[in-house]
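Hi everyone, thanks for making time.

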Amino acid sequence: MTTLTTSVSTARGRAVIGAAGALTALGAWFMLSRGSENVYFPALPAILDETWEYWRTAEGLRNLGASLTTLSLGLCLGIVFGVAIGLVIGQLTFVEQAISPALEFARAIPATALIPFAMMLFGVGDNTKIFLIALGSLWPVLLNTADGARRIDPTLRDSARAFRIAGFQRQAFIVVPAVLPRILVGIRIAIPLGLILMVTSEMVGAQEGLGFVITQAQATFQLVTMWSGIVVLGVLGFSITFAYSLLERVLLRWSDPRREDA
Amino acid sequence: MLIVTELEKTYPTKKGGFTAVRDMSFTVQEGELFSIVGPSGAGKTTLLRCIAGLDRPTSGGVYFQGREVDGPPEDFAIVFQDYARSLLPWATVGTNVELPLMKKGNTAAERNRRVTTALAEVGLSDAVDKKPFQLSGGMQQRVAIARAIAYRPKVLIMDEPFASVDAQTRADLEDLVLRVKEETGTTILFVTHDVDESVYLSNRVAMVTRSPSRIAEVVDIDLPFPRDQIATKSLPEFARLRAHVFGGIRDMVHDTTLAHA
């Protein structure tokens, strides 16, 4: 028990325990679904087989590609606009005061409520998906950026003013790096939102993509294919989040004094 | 050269206003090191922010070469007490020093030359590619001084710059300031609460009272240059001046009315 509690405090120990937990869950799923005759809950090996088979076919790859393309385009747009607008709002008090109430109202509307509107505007296809993902991921990035820009350290602000660092130099060398930790937090929140909006919009407003495959498979009673789509989504979400946390660590190396190699 | 006339700064509070500085007047001559020394809570930082153009005085004014200071002037550089937060933690030492020089008229080669010279001056040539957090506190303050030197200001404002470094580093940095003054002829306005430091460094020392602070006395420091940590501080005159300034400050702490005499 003592070794167990100590191992929790090390990164390696946490990784081992986490992996053990995940393997146990997987094992439980495997055992419980073994030899399942229930069409709604197919056996795990069947799902994994289908995952491996279907998502390597041209059709599977095309759907996967379509999802990834719209997700990355949507996130990029949301991040670019979120950071740009956030920087303006966070630094110009009168802009903030003028649009804050309208902003609070707009962000309270779930992006999914705009699916019918987006479909009307862009039709069934990629643009609808991109619009919705961008809109959903815009808010956390924008609000975090604006808040970060408002809270730049006063000493840093004074030292920029005293040395008359202004304009582009001020934004590029002082404001953006100072706000970067908050921007990254915003993006961290935006990624799962983007995934949700991607799947949702594909289920109702698209002809391809992971969400489309899942609904289509359900409608045609290919439940193993449906489950394989869910597995792929899980793997995708996990991988993106994991890759993102690595990127975050690299970008924020300066702020971690324990990293002497930075 | 730098004239402060009847400067007053009042901050709004819930109970009316709080006057940090009242009726402050003095003139700093070109090329001199002018110290402002006083007990903590004497509104020294407030005064300095007004002089640097970071805050506007409530009344009175600051004039530099005949022009009123209404924002940070081009010719001023500041070394803050809090070096850890006045340097950019994400930028290298070199970039920190170079950033204020990135204006029209400075070519990359010229900037590079000034950064190299300034870092050599403070003994940090090897640290150009390091990040601030990889350096000790004293070294970070050296970077802040190098940034100010490279900027080539006419007036260098230092706000208790050595308050958070150890004694040995402090002595080294004091001598660095004296060397900069001698080599560049920069006018230096130095704020401190350390009496020894003010006497050792200055041409003149202004003693300020507690808030609302005003100048109690300006003392001429007629100690010979170049100054030396051991030789200068062994002079009877140093001891006399130190005792005089120290006594003045102590009286202010015990009896604020004396300051108005």
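This is a predicted model: local features need pLDDT of at least 70, side-chain atom pairs count only at pLDDT 80 or more; totals for chains, interfaces and linings use all residues.

Okay, the contact between chain A and chain B. How many residues does the contact take from each chain? Chain A puts in 22 residues and chain B puts in 28 residues. Between them, the two chains bury about 2300 Å², and 64% of that is on carbon and sulfur atoms. On the chain A side, look for Phe163(A), Arg164(A) and Trp254(A): those three supply 32% of the area that chain A buries against chain B, more than any other three residues.

There's a polar side to the contact too. The count of salt bridges between chain A and chain B is 3, and the count of residue pairs in polar contact, with both residues at pLDDT 80 or more, is 7. Two elements of chain A give two or more residues to the side that touches chain B, namely α8 (154–162) and α9 (167–205). Of the elements there, α8(A) gives the most, with 6 residues. And here's Arg164(A) again: its side chain meets that of Glu74(B) in a salt bridge, 3.6 Å from N to O.

Now let's stay in chain A and turn to helix α3, residues 44–54. Which residues of this helix are buried? They're Leu44(A), Ile47(A), Thr51(A) and Tyr54(A). If you look down the axis of α3(A), the buried residues fall within an arc of 115°, so they line one face of the helix.

Helix α4 of chain B runs over residues 108–121, so to speak a stretch of 14 residues. From first C-alpha to last, α4(B) reaches 20 Å, close to the 20 Å expected at 1.5 Å a residue. Its buried residues are Arg111(B), Arg114(B), Val115(B), Ala118(B) and Leu119(B). Down the axis of α4(B), the buried residues fall within an arc of 125°, so here too they line one face of the helix. They pack against α3 (93–98) and α5 (137–151) of chain B. After α4(B) comes Gly123(B), whose phi is positive, near 75°.

Glu110(B) pairs with Arg113(B), and their closest N and O atoms are 3.0 Å apart. Both lie in α4(B), 3 residues apart, which is about one turn of the helix. Glu110(B) is partly exposed, at a relative accessible area of 21%, and Arg113(B) also counts as partly exposed, at 47%.

Side chains of opposite charge can pair when their charged atoms come close. Over all chains, a search of the whole structure finds 26 salt bridges. One of the pairs is Glu248(A) with Arg188(A), with the closest N and O atoms 2.8 Å apart. That pair links distant parts of the chain, since Glu248(A) is in helix α11 of chain A and Arg188(A) is in helix α9 of chain A, 60 residues apart. Is Glu248(A) buried or exposed? At 13% relative accessibility, Glu248(A) counts as buried, whereas Arg188(A), at 35%, counts as partly exposed. In chain B, Arg49(B) forms a salt bridge with Asp55(B) at 3.0 Å, and Asp55(B) counts as buried at 19% relative accessibility.

Last stop: Thr192(B), in strand β8 (residues 187–192) of chain B. At 2% relative accessibility, Thr192(B) counts as buried. A polar atom of its side chain lies 2.9 Å from the backbone nitrogen of Asp194(B). Leaving aside neighbours within four places in sequence, Thr192(B) is in contact with several residues, including Ile36(B), Lys44(B), Glu160(B) and Arg170(B).

Definitions and conventions. Residues are numbered from 1 along each chain as its sequence is written. Chains are lettered from A and ligands numbered from 1 in the order in which they are written. Side-chain values use heavy atoms; hydrogens and water are left out. Helices (H or I, at least four residues) and strands (E, at least two) are DSSP runs, numbered from the N terminus. The expected span of a helix is 1.5 Å times one less than its number of residues. Buried means under 20% relative accessible area, exposed over 50%, partly exposed in between (1.4 Å probe, protein chains only). The arc is that of the directions from the helix axis to the C-beta atoms. Contact means heavy atoms within 4.5 Å. Buried area is the accessible area (1.4 Å probe) that two parts lose on being put together, summed over both. A salt bridge is a side-chain nitrogen of Lys or Arg within 4 Å of a carboxyl oxygen of Asp or Glu. A polar contact is a pair of N or O atoms within 3.5 Å; within protein, one must be able to donate a hydrogen and the other to accept it, and residues adjacent in sequence count only if both atoms are side-chain atoms.
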